[in-house]
Amino acid sequence: MKTKIVIIDKASFQDEELWEAAKILRSGGLVAFPTETVYGLGANALDEEAAAKIYGAKGRPSDNPLIAHISAMEELLPLVTEISQAGRRLMEAYWPGPLTLILPKSSMVPFKTTGGLSTVAVRMPGDPVANRLIKLAGVPIAAPSANASGRPSPTTAEHVYQDMDGKIEMIVDGGPVGIGVESTIVDVTGPVPIMLRPGAVTLEMLKSTVGQVEMDPAIAGPVAADVKPKAPGMKYRHYAPKAELVLVEEEGSGQGQGEVSLKAVEAIRAMTLDQLSRGRKVGIICTDETKGRYPKEAEIRSLGPKDSQEAIARNLFGVLREFDSLEVTLIYSESFPKDHLGQAIMNRLTKAAGYHIIKV
Ligand code: TXA
Ligand code: MG
């Protein structure tokens, strides 16, 4: 299959530039498109065969459910049987935006879309291209991140092309995304909302809107083989770079915007020198404040200023992909404060590291 690329200017596009993409989606094909979080790989969420094609293109296990994307409130009602009060308040506060809600599904949503679950994940993206494309398609759009299963989520159309060329009908290129980590997922089917995946709608924000919020244990660490995480996607090794990734954390530096973590910098420096002397190609993930402190022979990548969680989130997946193409075999990463957006950053980094953390 030849993958067509359509370039769209987010700030000033006409509907007709999206008509072909909308037509492909309506007729059961696959189109990758930008959202504010990461690029999505879209298909008609109500069409079993179209949803099945997504699993094929991504190489994704078919028990891993998809998020149905909508463009307006009235599109939600046919998809669900009930909306809890907490669900309603969260929608009012954060839709359109980087928040996915788990709700009880109606019979209209096929089990192929929900991986056999009786709930459905729904999100209304705020990105203007995504929103308009869904509206023009006239159907809810199932869209996982547009990466091959196990690779870091794509934050540019170029990343999508690397993984999906020849496998999907079209890529809509709307430029780099704004947020860079996937949406926050909250299960609002029970009495207390449960956060299943941290994202740009932070725990602090959720609590300020609905009070009590619980956290799924799969966010904090690896789940035992016999435990079924609530978001099935959390059990797969995600965001994995090809190289071994080791996260270096300074004991007691988990919270707040601290000083530059010198102990961690020193430890990474020493380990890097040792590994370089053994002939290994080493990558380092750091910040603008610390990038000058490492051996020049390593591949050093800053995610941005240490106080800008937004920059760090936006650059994270791109840097992991860059290390794949540089063919480093070992990556050391600094750690980041876990408050606000930092919870999502550290969740993705810890998973990319396969929970390999060195405390110093
Ligand atoms: O930001 C995002 O959410 C992006 C963009 C494209 O919208 N999409 C995304 O989709 O990250 P995906 O498929 O990569 O991740 C969806 C996550 C998976 O962990 C999946 O298991 C979980 O949502 N999920 C989907 N439906 C669910 C359900 N009914 N119950 C629990 N978890 C669900
Ligand atoms: Mg994904």
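**Exercise 1. Determine which residue forms a salt bridge with Glu 20, and state which elements the pair connects.**

Solution. 
Step 1. Glu 20 forms a salt bridge with Lys 4, and the closest N and O atoms are 2.8 Å apart. A salt bridge is defined as a side-chain nitrogen of Lys or Arg within 4 Å of a carboxyl oxygen of Asp or Glu.
Step 2. Glu 20 belongs to helix H1 (residues 19-26) and Lys 4 to strand E1, so the pair ties together parts that are 16 residues apart in sequence. Helices (H or I, at least four residues) and strands (E, at least two) are DSSP runs, numbered from the N terminus.
Step 3. Glu 20, at 38% relative accessibility, is partly exposed; Lys 4, at 42%, is partly exposed. Here buried means under 20% relative accessible area, exposed means over 50%, and partly exposed lies in between (1.4 Å probe, protein chains only).

The model is predicted: local features need pLDDT of at least 70, side-chain atom pairs count only at pLDDT 80 or more, and totals for chains, interfaces and linings use all residues. Residues are numbered from 1 along each chain as its sequence is written, chains are lettered from A and ligands numbered from 1 in the order in which they are written, and side-chain values use heavy atoms, with hydrogens and water left out.

**Exercise 2. Locate the partners of the salt bridges made by Asp 15 and by Glu 249, and classify the accessibility of Asp 15 and of Glu 249.**

Solution. 
Step 1. Asp 15 pairs with Arg 132, with 2.8 Å between the closest N and O atoms. The link joins distant parts of the chain, 117 residues apart: Asp 15 is in the loop between E1 and H1, and Arg 132 is in helix H4 (residues 128-137).
Step 2. Asp 15 is partly exposed at 26% relative accessible area, and Arg 132 is partly exposed at 30%.
Step 3. Glu 249 and Lys 359 meet through their side chains in a salt bridge (2.8 Å, N to O). Since Glu 249 lies in strand E12 and Lys 359 in strand E16, the pair ties together parts that are 110 residues apart in sequence.
Step 4. Glu 249 is buried, with 8% relative accessible area, whereas Lys 359 is partly exposed at 47%.
Step 5. The structure holds 18 salt bridges.

**Exercise 3. Describe the surroundings of Arg 321 and the network to which Arg 321 belongs.**

Solution. 
Step 1. Arg 321 is located in helix H9.
Step 2. With 4% relative accessibility, Arg 321 counts as buried.
Step 3. Not counting residues up to four places away in sequence, Arg 321 touches Asn 147, Arg 151, Pro 152, Ser 153, Pro 154, His 159, Gln 162 and Asp 163. Contact means heavy atoms within 4.5 Å.
Step 4. A network of salt bridges links Arg 321 with Arg 151, Asp 163 and Asp 324.

**Exercise 4. Characterise the backbone at Pro 96, Glu 327 and His 340.**

Solution. 
Step 1. Trp 95 and Pro 96 are joined by a cis peptide bond, with omega about -10 degrees. Pro 96 is in the loop between helix H3 (85-94) and strand E5 (99-104).
Step 2. Glu 327, although not a glycine, has a positive phi of about 55 degrees. Glu 327 is in the loop between helix H9 (309-326) and E15, and is exposed at 61% relative accessible area.
Step 3. His 340, also not a glycine, has a positive phi of about 50 degrees. His 340 lies in the loop between E15 and H10 and is partly exposed at 39%.
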